[in-house]
Amino acid sequence: MSTPFKYYHDELYETAEAFVAFFLQNSWFKTGNKFQANSTGRGGMIFRGQTNAAWKLLPSAFRTDALRNFTPQPPAHTPAEAANLRRYLGTHLHAEGRAVFIFLEAADRMGLPSPIDYTTTRDGIELLQALFKDDANFNYSRPFPEKSFERATALAQHHGVPTRFLDWSESPLVAAYFAAVGVSSVGKQTPDADQDIAVYFMSAAQLKEDSPIEIISAPRHENSFLRQQHGVFTNQRHANQYLLDNKAWPTLEDSAGSEVTVNRARLPARLANNLLRELYDLGVHQQTLMPSMDNAAKIYSYANALFSEMDAASVVLGPAMMEHLQATIPSTNDSADQPAAPLPPA
């Protein structure tokens with residue numbers, strides 16, 4: 001039996017204020033020198049939010065039936081059910097690549113800019129050929145997709161196509177937003193009573209060329225959402241070989257093992273609204289992370305969903321505002337044409 005994965009830092013915070021303060025004040029996330037100032041992530045860290053801390057970090061393409069609605073030839077079985085794992089893997093890789101290419105072609109036909117490149121469609125074809133030939137001598141530990149296809153895969157991932165990449169951010173506050181929004185009054189999920197949300201974080205510096213996990217960056221000028229979210233991605237280099245050895249796809253924790261340190265901070269999911277209100281005051285919300293005309297139209301509904309539960313009677317007014325209200329609300333003895341008092345100084 002494998003040893004359960006242990007997060008280096010794994011703490012449950014009792015309030016949204018303490019949760020945010022951890023990321024804003026802890027020295028781990030401070031820029032310490034000129035090298036960190038020009039490196040990936042805040043304090044050299046990257047961050048990922050998740051609505052349920054009980055879930056491991058599993059890329060969307062590795063989930064059961066994830067590709068079914070994105071390509072005409074998805075894998076017919078789970079890895080555990082496959083009669084021949086190498087051929088199953090070949091089918092899966094073909095489906096992953098085809099799903100991304102269908103996305104690119106659709107965007108191109110709609111006149112939307114995309115990194116579609118028909119000259120690279122056969123890059124890495126020897127991997128697929130070896131799998132469909134059931135070649136036991138081929139080196140299946142090589143990364144997938146090919147370097148020439150990473151930019152396209154990252155763009156597809158960010159737009160909802162299942163890929164083997166995981167979304168991360170260089171900002172802990174962005175990750176906190178995505179951890180909370182799904183189980184808040186803004187989202188559609190109702191959390192379990194004992195459910196925690198989590199922000200995962202790890203040092204980008206440890207993800208070197210020989211690391212089992214690599215960082216994938218995509219041009220942000222092509223995608224305003226990715227730019228606003230300070231987005232980066234990770235890929236698990238040896239996922240294919242792991243599948244062949246274990247008849248299951250690896251989570252990021254499986255790939256990390258003892259070679260990569262992963263951390264997380266947790267918060268009870270019932271405090272998701274509190275966390276989003278903290279982030280709102282820090283300028284992190286739906287409209288700043290996903291700027292579009294559609295989201296501009298939702299600015300009031302977003303704020304209303306977060307703040308309507310707060311009793312207006314509990315708002316404490318300052319002395320100057322109280323004096324102004326008393327002066328401007330007419331009493332029964334006031335003349336109807338009495339001029340209103342001037343606004344109090346700011």
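This is a predicted model: local features need pLDDT of at least 70, side-chain atom pairs count only at pLDDT 80 or more; totals for chains, interfaces and linings use all residues.
Me: Which residues of H8 are buried?
Reply: Helix H8 spans residues 239-246, and its buried residues are Ala239, Asn240, Leu243 and Leu244. They fall within an arc of 140° when seen down the axis of H8, so they line one face of the helix.

Me: And what covers them?
Reply: The cover includes helix H3 (85-109), helix H4 (125-132) and strand E6 (231-236).

Me: Changing topic: how many salt bridges are found in the whole structure?
Reply: The search finds 15. One of them pairs Asp10 with Arg264, with the closest N and O atoms 2.9 Å apart. This pair links distant parts of the chain, as Asp10 is in strand E1 and Arg264 in strand E7, 254 residues apart.

Me: Why does Arg264 count as buried?
Reply: Arg264 counts as buried because its relative accessibility is 11%, and buried means under 20%. Asp10, at 33%, counts as partly exposed.

Me: Which residue does Asp196 meet in a salt bridge?
Reply: The side chain of Asp196 meets that of Arg266, at 3.1 Å from N to O. Asp196 lies in strand E4 and Arg266 in strand E7, so the pair ties together parts 70 residues apart in sequence. Both residues, Asp196 and Arg266, are buried.

Me: Which residues are joined into one network?
Reply: Asp10, Asp196, Arg264 and Arg266 are joined, through salt bridges that share partners.

Conventions. Residues are numbered from 1 along each chain as its sequence is written. Side-chain values use heavy atoms; hydrogens and water are left out. Buried means under 20% relative accessible area, exposed over 50%, partly exposed in between (1.4 Å probe, protein chains only). Helices (H or I, at least four residues) and strands (E, at least two) are DSSP runs, numbered from the N terminus. The arc is that of the directions from the helix axis to the C-beta atoms. Contact means heavy atoms within 4.5 Å. A salt bridge is a side-chain nitrogen of Lys or Arg within 4 Å of a carboxyl oxygen of Asp or Glu.
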